[in-house]
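Dear colleague,

I am passing on the structure we spoke about, together with some notes on it. Please look through it before reading on.

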Amino acid sequence: MPRTLLRSASAILLALTALNAPTAHADDGVPVEITVNTRAALAGVPETGIGTNHAIWDAQLGSDQTADLLKDAGVRLLRYPGGSYSDIYHWADHTAPGGYVAPNTDFDTFMAGARRTGAQPMVTANYGTGTAEEAAAWVRYANVTKGYGVKYWEIGNENYGNGHYGAAWEADNHADKSPAEYARHVVAYADAMKAVDPTIKIGAVLTTPANWPDAIRAEGDAGSWNEVVLSTAGSKIDFVVLHWYPGALDRTGHVPDMIQLTREQIARLAGPGAERIGIAMTEFNTGSSSNGTNTQPGALAAADAYATLLANGVFTVEWWNVHNGIGTVTEVEGHTDYGDFGLLSSGTCTADGSVCEPAFNTPFAPYYALQMVGRFARPGDQFVRAASDTPAVSAHAARRPNGDLAVMMINTSRDTSYAAAIDYAGYTPAAGAPTVLTHTNGATSITTATSGSATSQTLPPLSLTTIVLKPAADRSSPAAPAQPVASAVTDTKATITWPRATAGDRPIAKYEIHRQHGAVTEQLGETSGTSFTAGNLRPGTRYTVNVIARDAGGGLSWASPPLTFTTKAPATSSCSVRLSVQSDWSSGYVGSIDVTNTGAPIDGWTLDFAWPRSWQSLGSGWSAVWTQDGRAVKAVSEPGNRALATGASATIGFVGNYSGPNVLPSVFRLNGTVCAAG
C-alpha cells in the first residue's frame with residue numbers, strides 16, 4: 001500500500017456515539033465458557049514477535065522518549081526506513097528523492113534508538129531505485145564497519161505495487177516490472193549481501209493469500225507473483241514478507257489458512273531445505289474504516305491478530321507504524337478516534353485546525369494492546385489452544401517454561417460484561433487467586449491485581465484481560481518431545497515419528513498422539529516407541545497433531561511443537577477428478593473439473609464436494625446442473641454428458657467466490673464414491 005506522511009483510512013469512518021446506559025451483563029447469568037488445552041500446542045513465542053515500523057519522515061524515531069515508550073510496550077523488532085519510502089531511500093547520503101526526509105532519521109540514529117529500545121532491527125533494502133551493490137555496501141557499513149549485527153534484511157517493499165498488475169504506488173525504475181525480474185534481482189541482492197556477511201537473513205516480498213494481487217497471473221508471466229518469486233529465488237532467501245490490512249475487525253479467523261497456504265507455497269516451490277524459510281508480517285494494522293483505528297475496538301482487534309499470527313508461527317508482526325498523523329476524525333465508543341495509524345500520537349491537527357491530537361507521544365489504544373500481548377506471551381513461552389463459546393469473546397493461552405500458564409481474554413462487546421468460566425485440559429492450576437492484568441475502554445495503562453480464581457473471571461466491556469496462573473505442585477515431568485514429522489501419508493493413514501524425550505524424575509512410560517479440534521483434542525493413539533501410524537483418517541483432510549510424553553507416575557510433558565499434514569485422495573478408485581484453476585482475481589476464480597470414469601459404464605452421474613471454508617461460495621457453473629446447500633456443492637450431469645463409458649471423461653466448470661484464504665476443495669465423490677486425484 002502507498003505510504004505517505006499522513007496515512008488515513010481509505011473510507012470515511014462512521015460516527016459512533018457512546019452509550020450512556022449502564023453496563024449490561026450476559027443474559028440469565030450464563031457464563032462464557034472458555035476452554036484452555038495445553039495438550040494442543042501451537043508455535044513457540046519468538047524473540048522478535050512484537051514489532052513496529054519506523055519511518056524517515058518521523059524526526060523523533062531515534063529520540064529517547066520514543067525508544068523508552070516502545071521498550072515499555074515490549075517491542076522487540078524495529079523496521080526501517082519506512083514502507084514505500086524504502087524503494088526511494090539511499091542510505092549512504094540519507095536521501096529519498098520524491099519524498100520527505102526529516103532531520104535526525106539517518107541509519108545511525110535509527111540504530112541508536114533500536115538499541116535503547118532493546119529491539120532487533122530489520123532493514124528494507126532499496127529495490128525500486130537502488131542496486132544490489134548499494135545494498136551490499138549497507139550491509140558492510142552496518143555489520144562490518146559499525147558492528148551493529150543487523151540480521152534481517154528485506155529486498156524491497158510491496159514491489160507487486162509497481163504497476164505490473166494495474167496499480168502503481170511503489171517506485172520501480174526497472175523497465176521490466178514482472179515478478180520474474182524482481183526474483184532475479186533478489187538472487188543478485190542475496191548473493192552480494194551475503195558475500196559481505198553470510199550470517200544475515202534475506203527476505204523476499206510475497207503477496208498475502210486472498211489479498212490483492214495474490215493469485216493473479218499477469219500476461220506473459222509463468223505464474224502468480226508468489227509462484228514466480230519462490231520458484232526462482234527460493235533457494236536464496238531465509239524468510240518471506242507478508243503485509244495485512246484486514247479493514248474489518250473480525251478477520252483473525254483467516255489467519256491459520258493464510259499462514260498455512262503460504263507455507264504450502266514455500267514447501268512446493270522453494271526447493272530443497274524450504275523448511276528453513278520463515279514468515280514475517282512486516283506491516284500490520286487493523287485498517288478499520290468503520291470501527292476505529294486508534295481507539296479500543298482497534299486495540300482489541302490488534303491483540304487478537306498479534307496473538308493469532310504468532311501462535312501460527314509468524315516470527316514477527318510489525319505494526320504500521322510508530323508515528324503517522326491525523327486522518328478522518330470520528331467518535332468511537334465514547335472516545336475520539338483520530339484516524340491515525342500510529343501507536344503514538346503525532347500531535348498533529350486537521351487541516352482547518354479544528355481538531356488536534358493529544359500531546360506528542362501520547363499512546364493510543366493499540367499501544368496497550370501490544371503491551372498486553374507482550375506481557376501475556378513472552379519469548380520462550382509456547383502458545384496453546386484456547387477457545388470461547390461466545391462470538392464476542394476470544395481467548396488465547398501460553399504456557400511458560402517455569403510451568404506458569406497465561407490466558408488472555410478479549411471482550412469485544414460494547415456494553416456487556418461477561419462472567420467467564422474457564423476450563424483446563426492437561427493443566428492443573430494452583431489454588432488461590434491469579435494475577436490479573438486488565439485494560440478497559442479509554443484506560444491509559446494496564447492495571448494489575450490479584451482477584452477472582454483460575455476458573456472464574458469477569459470480563460468488562462471492550463476489554464483485554466490476562467490471568468497468570470501457577471501450576472499445582474508436582475514432581476519433575478518429562479521434557480516435551482521435539483518436532484514430529486509425518487511420512488507415508490495416504491488417504492487414510494500417516495506415520496508420525498519424533499525424537500525420544502528426556503525423562504524427568506520418573507521414566508517415560510509412553511507417548512500419546514493428540515489431534516487438535518480447536519481447543520479440544522482427540523487422542524489418536526499411544527505407543528512406548530517413537531513412531532506411530534495413525535489410521536482411519538479422512539481423505540483430503542488437514543490434521544494438526546502433538547505428541548505428549550507420559551511418565552510412569554502419570555506426569556505429562558508439555559506438548560511437542562505442532563505437526564500439520566494433509567491426507568491425500570485415494571490412490572485408486574472407480575473415478576478420478578482433477579480440479580484446475582483457469583484464472584484468479586483474488587476474490588474469485590474460474591475452476592475446471594475433469595471427471596473420469598475408471599469403473600463400469602455410468603448413465604447419469606452426480607459429483608459432490610464441499611467448500612472447505614464458510615467464506616467460499618458458488619458463483620455460477622456450466623456443463624452440469626449446479627446447486628449449493630450450505631457448504632455442500634452438487635453438479636448433476638446434463639443430457640449431453642450423462643453417459644460415461646469406462647475411461648470416458650467429462651469437463652465441467654464453475655466460478656468460485658471467496659472473501660478469505662482460498663483453500664481449494666480436494667475431496668470429490670462421483671455417485672457417492674470418493675475419487676482418486678486425476
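Predicted model: local features only at pLDDT ≥ 70, side-chain atom pairs only at ≥ 80, totals over all residues.

Residues are numbered from 1 along each chain as its sequence is written, and side-chain values use heavy atoms, with hydrogens and water left out.

Strand S29 (residues 588-597) is largely enclosed by the rest of the structure, because 10 of its 10 residues are buried (under 20% relative accessible area, with a 1.4 Å probe and protein chains only); strands here are DSSP runs of E of at least two residues, numbered from the N terminus. Both faces of S29 are covered, with Val-590 among the buried residues on one side and Ile-593 among those on the other.

S29 pairs in the antiparallel sense with strand S28 (residues 575-584) over 9 bridges, where pairing requires that DSSP finds at least two bridges between two strands. Tyr-589 in S29 stands opposite Asp-584, and its bridge partner in S36 is Gly-656. Strand S36 (residues 649-658) and S29 also pair in the antiparallel sense, over 9 bridges. In the hairpin of S28 and S29, with 3 residues between the strands, Ser-586 has a positive phi near 75 degrees.

Elsewhere, an open antiparallel sheet has 5 strands in the order S33-S34-S31-S37-S38, and its edge strands, S33 (625-629) and S38 (673-674), each pair on one side only.

Finally, Ala-112 lies in helix H2 (residues 107-117), a helix being a DSSP run of H or I of at least four residues.

Best wishes

Definitions and conventions: Buried < 20%, exposed > 50% of the residue type's maximum accessible area, 1.4 Å probe, protein only.
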